[in-house]
Number of protein chains: 2
Amino acid sequence: MRLVDQTRLPHETVVAVCATAADVASAIRTLRVRGAPAIGVTAAYGLALAAYRAAEAGADALAAVEAASGLLRAARPTAVNLRWAVDRLLAVARGAPRGAALAERLLAEAEAIAAADVAANQAIGRLGAAMIGHGECILTYCHTGGLATAGYGTAFGILRAAHEAGRGIRVVACETRPVLQGARLTAWELLQHGIPGVLITDNVAGSLMARGEVDRVIVGADRIARNGDVANKIGTYALAVLARAHGIPFVVAAPTSTVDLATPDGAAIPIEERDAHEVTHLAGVRVAPEGIAVRNPAFDVTPHRLITAIVTEAGVAAPPYDRSLAALAGAAVGS
Amino acid sequence: MRLVDQTRLPHETVVAVCATAADVASAIRTLRVRGAPAIGVTAAYGLALAAYRAAEAGADALAAVEAASGLLRAARPTAVNLRWAVDRLLAVARGAPRGAALAERLLAEAEAIAAADVAANQAIGRLGAAMIGHGECILTYCHTGGLATAGYGTAFGILRAAHEAGRGIRVVACETRPVLQGARLTAWELLQHGIPGVLITDNVAGSLMARGEVDRVIVGADRIARNGDVANKIGTYALAVLARAHGIPFVVAAPTSTVDLATPDGAAIPIEERDAHEVTHLAGVRVAPEGIAVRNPAFDVTPHRLITAIVTEAGVAAPPYDRSLAALAGAAVGS
């Protein structure tokens with residue numbers, strides 16, 4: 001299984017080869033593949049890979065898939081798409097005949113998830129772009145483009161669709177410390193698609209809002225709770241508070257696979273704490289002094305009251321989200 | 001003239017030697033010396049240096065000082081301490097006899113400014129520490145310690161005084177992109193003084209406030225307008241909005257030399273825009289793709305309505321600042 005290594009972009013396009021499901025889990029843990037929808041799809045392929053490997057070796061494919069599912073589910077805790085995809089493949093595996101046929105069924109299911117994610121992103125793009133006025137300046141955060149999904153992008157998909165529709169948008173991309181997905185990946189995708197954009201450090205966003213230079217904020221999501229609380233990249237919450245203080249619409253874009261009706265609210269979402277090294281070192285060079293303590297939560301929770309709308313492939317949810325999200329997620333499952 | 005090169009800290013302690021006032025201006029422009037009070041004191045010594053050099057060469061010392069003052073004043077536009085110190089030395093120079101005596105007068109004046117700045121910082125520390133309750137967790141931004149001043153520090157001086165008074169404080173230091181003064185310098189001074197502290201990326205601050213983990217924010221200032229609007233490191237404004245949204249006191253610490261009664265409000269403060277390279281490169285390595293546009297304002301303005309108190313050496317100013325600041329600045333000038 002081949003993945004574009006996102007930690008090496010934009011300067012090198014390196015393909016990481018995963019020979020086992022453990023390799024896939026490691027690629028997810030180390031951010032070689034990242035983005036909530038992308039890690040869901042990748043985990044699905046990882047389970048198919050586990051089944052093929054077992055079948056080749058004459059081992060029990062279902063047992064191998066069950067073991068791999070534990071490994072993959074534990075790779076990162078916050079994004080629900082990972083668990084969602086693993087659960088979906090496990091259900092298929094448990095209902096399938098043993099052996100090579102099981103592996104084929106899982107590969108077909110992974111491919112269906114990938115295809116559905118691309119279609120969902122394109123629908124999100126269409127629905128979201130319909131909100132956007134001519135000449136808007138839109139601030140986005142982290143990276144939600146083609147590589148963060150199976151293709152096209154969520155929040156970035158809206159930017160792309162609005163640009164393709166000739167809306168004359170401009171984009172402000174926040175660099176997104178500590179891993180700099182905005183500086184490395186969003187800036188790169190903006191250039192690739194010819195969307196006018198500017199890169200800022202995260203701490204410039206408030207100042208641009210105060211100057212009236214931001215018309216809308218659009219971000220992705222790693223998990224959306226039943227009540228509309230959104231876990232997303234650390235710093236999203238601060239942007240939502242700032243947007244509210246300046247009367248700027250704050251929009252979340254995500255497929256319904258990111259909505260977790262089993263999580264009642266944001267307080268129930270586990271927040272991954274990552275290694276201090278991400279903060280103390282830059283480009284491999286230590287910047288902070290030895291011995292300083294670090295807090296490095298990878299995500300935060302934005303409460304639903306700060307969110308103007310949530311754009312999914314099944315429609316745009318508006319407050320009160322406990323009702324609108326359940327209806328959209330139900331419609332998507334039923335479709 | 002010898003300066004500790006702040007761009008090389010905390011890993012190397014390199015002394016930059018300035019042979020001329022032009023060297024001093026360059027050290028200020030390139031951030032080898034930074035921090036509003038520190039650049040004021042440094043510019044004062046730079047003018048004394050220009051006078052000595054001219055006297056040695058048998059040239060007109062006053063003419064040399066006038067020329068150097070233009071160079072130094074233009075080195076950085078936002079911090080008013082630079083202009084304040086240059087104007088103070090120019091007034092002394094114009095009233096002094098020509099030749100070597102002029103240089104001696106300027107050196108004495110620069111030393112007086114440095115000594116007064118240390119005393120001011122210690123007074124700020126005492127006055128500010130009196131506000132702080134036992135066990136408070138205080139978030140600070142950028143670097144306002146000994147190296148950013150003639151000694152002791154402004155906002156950092158309050159942290160230091162509270163720690164020395166046994167208040168049991170803990171500090172959250174924001175790394176402060178793009179130049180990372182928090183990660184490099186504040187973290188280092190926290191360790192040097194044994195003050196318990198933790199380093200975060202700037203975008204974590206809002207999340208810690210939402211969790212109830214921040215009791216107070218204390219920052220420095222580069223210029224304080226007559227109405228209490230404060231120019232400080234980019235990102236300060238966002239912290240002030242976040243503090244207000246969470247009901248957290250937001251305190252500014254600065255000597256009266258940072259108060260500029262001639263600037264009516266924040267809109268009149270020039271904001272320096274620095275090189276894109278600071279954002280696109282980390283530790284000398286390019287992270288953002290070639291061709292992406294960048295906005296890199298070095299400062300922002302926090303409106304007075306978001307500021308709980310301004311601690312100066314002459315006393316603590318409370319709203320309405322147009323009255324309280326004028327009284328304190330007048331008292332300081334008269335003292």
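Which residue stands opposite A:Thr140 in S4(A)? A:Ala173 does, and that pair is a handy way into this predicted model. Here, local features need pLDDT of at least 70 and side-chain atom pairs count only at pLDDT 80 or more, while totals for chains, interfaces and linings use all residues. Residues are numbered from 1 along each chain as its sequence is written, chains are lettered from A and ligands numbered from 1 in the order in which they are written, and side-chain values use heavy atoms, with hydrogens and water left out.

A quick word on labels: helices (H or I, at least four residues) and strands (E, at least two) are DSSP runs, numbered from the N terminus. Two strands pair if DSSP finds at least two bridges between them.

**The sheet that ends in a strand of chain B**

- Eight strands make an open, mixed sheet in the order S16(A)-S15(A)-S9(A)-S6(A)-S3(A)-S4(A)-S5(A)-S13(B).
- At its edges stand strand S16 (315-317) of chain A and strand S13 (293-294) of chain B; each has a single partner strand, so one side of each is left without a neighbour in the sheet.
- Back to the opening pair: strand S3 (residues 137-140) and strand S4 (residues 170-174) of chain A run parallel, joined by four bridges.
- Helix H6 (residues 155-164) of chain A packs on this sheet, where it touches S3, S4, strand S6 (216-219), strand S9 (250-253) and strand S15 (309-312) of chain A. Its direction makes about 125 degrees with that of S6(A).
- H7(A) lies across S3, S4 and S5 of chain A, at about 160 degrees to S4(A).
- For those angles, axes are lines fitted to C-alpha atoms (for helices, over the stretch in contact), and values run from 0 to 180 degrees between N-to-C directions.

**The sheet that begins with a strand of chain A**

- Two bridges tie S13(A) to strand S5 (residues 197-200) of chain B, and the two strands run parallel. A:Val294 has B:Leu199 as its bridge partner, and A:Ala293 stands opposite B:Val198.

**Where the chains meet**

- The contact (heavy atoms within 4.5 Å) takes 51 residues from chain A and 51 residues from chain B.
- Together the chains bury about 4100 Å², 69% of it on carbon and sulfur atoms. Buried area is the accessible area (1.4 Å probe) that two parts lose on being put together, summed over both.
- On the chain A side, A:Leu199, A:Asn203 and A:Arg295 lose the most area to chain B, together 17% of what that side buries.
- Four salt bridges run between the chains, a salt bridge being a side-chain nitrogen of Lys or Arg within 4 Å of a carboxyl oxygen of Asp or Glu. A:Arg177 forms one with B:Glu175, with the closest N and O atoms 2.6 Å apart.
- Elements giving two or more residues to chain A's side include helix H7 (181-193), helix H8 (205-210) and strand S12 (285-286) of chain A.

**Salt bridges overall**

- The whole structure holds 32 salt bridges over all chains.
- A:Glu66 forms a salt bridge with A:Arg94, with 2.9 Å between the closest N and O atoms. This pair links helix H3 (residues 61-73) and helix H4 (residues 80-94) of chain A, its members 28 residues apart.

- Most residues other than glycine have a negative phi, and most peptide bonds are trans.
- A cis peptide bond joins A:Leu9 and A:Pro10, with omega about 5 degrees; A:Pro10 sits in the loop between strand S1 (2-4) and strand S2 (15-17) of chain A.
- In chain B, the bond from B:Leu9 to B:Pro10 is cis, with omega near 5 degrees.
- A:Tyr152 has a positive phi, near 80 degrees, and lies in the loop between S3 and H6 of chain A.
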